[in-house]
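Take a look at the model, then work through each solution.

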Amino acid sequence: MPRRGILPNGRVWTQWREQAVDVTIELDIPTRKQSIEAHKTNGGRIAAVFPIHYPRALFRAHRLLPVEVWGPPSADVTLGDAHLQSYTCSIVRNGLAYAIAGGLDAADLFVVPHCCDSLQGLGSLLIDFIHCRQPTFPLYLPRDHRSIDVEFFAQEIKSLSEKLAGVSGCHPSDTEVAAAIEQEQLAVVITQTLVKQRESIPQSDRAFHTLLRSREYLPAEHYTALAQTVLDAPPAAESRWGIPLILAGVVPEPMSLFDVLEGMGARVVGDDFLSTERRCYPASASDDPWRNMAESILNGPPDSTRGSTFEARLSHLRTLAQTRSAAGVIFYQIKFCEPEQFYYPMLKQGLEAIGIPSILLEVELGEPLGGQVVTRLEAFVEQLS
Ligand code: SF4
């Protein structure tokens, strides 16, 4: 028999199954290391790209594989401490420590998009103070998406292309860049399809998000093929069960978060993570490939690091929660992440105004989920049951 309850916002919640969904599609997802080795074996070069926004198609046009560096959890953070204030987030702290320890030695260059003050500081450190073998290229993002911002960013991407050419030896024509955009857009479209069809995909939340996150380092074709395998599989015979939740924040680390939530009887029906759904950029219609890449990123889902308005972020989160019938939102933030913290009070208030409860959790990369975090999660999920 299904279990029913009334959510704080008045909606009726139905829990259909007493058992978690089994992972029925076995995917052979390569690790970051395997992906890098495969690309290098084929004579390719690697770009270590720090978060968050950058034009993947440009790297493809230069035959570079962008491998993202989301503050590797295994980094020895003490190595970067001498260069950073104690209130720097662990994405930057771990990323810097990892670079100093030689963890990024396989890369031929570093790219640091200036998406927040901490990343801007990291870019300066890598360029001026820490002398790594690889060159570091910054990428400046405008904080709005007016025509003048698009123009500025298109020029900025062109300038990055010239710097990349110094390492890749490629000087892609407009036609080659346009072809690269088309290829990369296929991966965005398939991610959007996965997200849309989530409820009929018989993967655990952890397996599903592991697939989404493989986009951080796999070539678009490889990722698309894996995603297609999942989409081609027969849909789940039964509805997924569990309290439906949205996760919002920077990155779902540690991934055991999904196991913990599943164990509590919750399921993730959508995310507003910087690492995943917030980077599902819409296709641009511009014929100019440079404007096209710029426009696509700047018109992405509302984002704290791109300076979106409170109203835009709130409206996006409300729509996300309502269309996916979420019972609540978990703001899963990295400690000392100023851009995300700045928006939180108003987002919480705005969600509560329409009956959607939320909770704020702060974590550090590299640390297991603490008992306090788990207890608070438990209390939140219990409150929604
Ligand atoms: S966690 Fe926040 S502060 Fe740190 S790099 Fe990401 S956006 Fe910037």
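**Exercise 1.** Work out how H12 and H13 are oriented to each other.

*Solution.* Step 1: the axes of H12 (residues 310–323) and H13 (residues 338–352) come within 10 Å and cross at roughly 45°. Axes are lines fitted to C-alpha atoms, for helices over the stretch in contact, and angles run from 0 to 180 degrees between N-to-C directions. Helices are DSSP runs (H or I, at least four residues), numbered from the N terminus.

Step 1: angles under 35 degrees count as roughly parallel, over 145 as roughly antiparallel, 65 to 115 as roughly perpendicular and the rest as oblique. H12 and H13 are therefore oblique to each other.

This is a predicted model, where local features need pLDDT of at least 70, side-chain atom pairs count only at pLDDT 80 or more, and totals for chains, interfaces and linings use all residues. Residues are numbered from 1 along each chain as its sequence is written.

**Exercise 2.** Find which residues are closest to the ligand and which helix gives the most to its shell.

*Solution.* Step 1: of the 15 residues that surround the ligand, the closest are Cys-89, Ile-91, Cys-116, Ser-118 and Cys-337. A residue counts as near if its C-beta atom, placed from the backbone, lies within 6 Å of the molecule.

Step 1: two or more residues each come from H4 (90–100), H5 (117–129) and H13. H13 gives the most, with three residues.

Step 2: H4 and H5 also pack together, at an angle of about 15° with their axes 10 Å apart. That makes H4 roughly parallel to H5.
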